[in-house]
Amino acid sequence: MLLKMENIQKTYGDFTMNCSLELQPGYITGLIGPNGAGKTTVFKSALGLISLDQGAVTVFGKPFDQLSLKDKQDMGVVLADSGFSGYLTIQDIARVMKNLYQLFDQDLFIKKCRESGLPLKKRVKDMSAGMKARVKVLAAMSHEARLLILDEPTAGLDVLAREELLDTIREYMEPGDRSVLISSHISTDLEQLCDDLYLIDNGTIVLHEETDVLLGSYGLLKATEEQYSELDKSYILCRKKEAYGYRLLTDKISYYRENKPEIVMEKGSVDEVITMMIRGERL
Ligand SMILES: Nc1ncnc2c1ncn2[C@@H]1O[C@H](COP(=O)(O)OP(=O)(O)OP(=O)(O)O)[C@@H](O)[C@H]1O
């Protein structure tokens, strides 16, 4: 396991994060959640940047304070609220990174920046938000880290730049033993990219599922009051009252398709699953 968080807890005023999460080698794992759900707090916990009230984090099988310099070099990080000094150009950043990371591939970084149309000689402070975001991600990816932690890397990017970034992450995974933890507000980005997804709400992981299962087996039922009262609710996760009766989320839509074909059903996007898990009433 490249990263393991076991029952970690952190309280800030009336916000409490309580979560467990694992990253398998070869997996891209996504963390989705609304504003203020605790995504950045989870990322900071993974990096040992905040002290935890409870629980344990291991990276490459070791607690954070036992990581060697080599282990730390094996981690690439992008945090939502940090970046390079505005006075640096991409060429300066390449030199800084080369000094920090033994395996930093300066030529690859410059090549990638060029390919994505970034100005090599412009200072970061004069770049657009999207350009800054791309520089951060490309720098984090250019030192052959086994574990890449990307907090909202697509924030501020337009559709084309997002697609390009997602392709770069896929390419990054090619060696096979790497792992990425990524968060985004845009669930469609994560559903195309990630092997498994964690959904966080109000500090708690409310769902963890492989993306294929989420997209293949989950679904929504629109049941009238009468259909609902007669329904076998074994595979219903939550319900939401609607004018026609109940909107229901199931993790086994095939069961209801076979047994209750008269009920209106739909596949449900990741966004709809998220909305139901957050706004719906658990059964
Ligand atoms: N250092 C801190 N001191 C006090 N409260 C904090 C601190 N850091 C985070 N919080 C609170 O913890 C909660 C979770 O914040 P966090 O930044 O982890 O959410 P997020 O899911 O990343 O949100 P967003 O999507 O808006 O970036 C919020 O209520 C936030 O105000």
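Predicted model: local features only at pLDDT ≥ 70, side-chain atom pairs only at ≥ 80, totals over all residues.
1. Domains. The protein splits into domain 1 (3–210) and domain 2 (218–282). Their centres, taken over C-alpha atoms, are 34 Å apart.

2. Domain contact. On the domain 1 side, 7 residues are in contact with 5 residues of domain 2. Three elements of domain 1 each give two or more residues to this side: α7 (187–193), β9 (196–201) and β10 (204–210). The domain 1 side comprises 4 nonpolar, 1 polar and 2 charged residues.

3. Helix α4, buried face. In α4 (residues 106–115), the buried residues are F109, K112 and C113. Viewed down the helix axis, these buried residues lie within an arc of 100 degrees, so they line one face of α4. An α-helix has 3.6 residues a turn, so residues three or four places apart point the same way. The buried residues of α4 pack against α3 (90–100) and α5 (129–141). Note that a lysine, K112, is among the buried residues.

4. Helix α4, other side and end. D107, R114 and E115 are exposed on the other side of α4. G117 follows the helix, and its phi is positive, near 70 degrees.

Note on methods. Residues numbered from 1 in each chain as written. Domains from an automatic or database assignment. Contact = placed C-beta atoms within 7 Å. Helix = DSSP H or I, 4+ residues; strand = E, 2+ residues; numbered from the N terminus. Nonpolar A, V, L, I, M, F, W, Y, C, P; charged D, E, K, R; others polar. Buried ≥ 20, exposed ≤ 12 C-beta atoms within 10 Å, placed from the backbone. Arc of directions from axis to C-beta.
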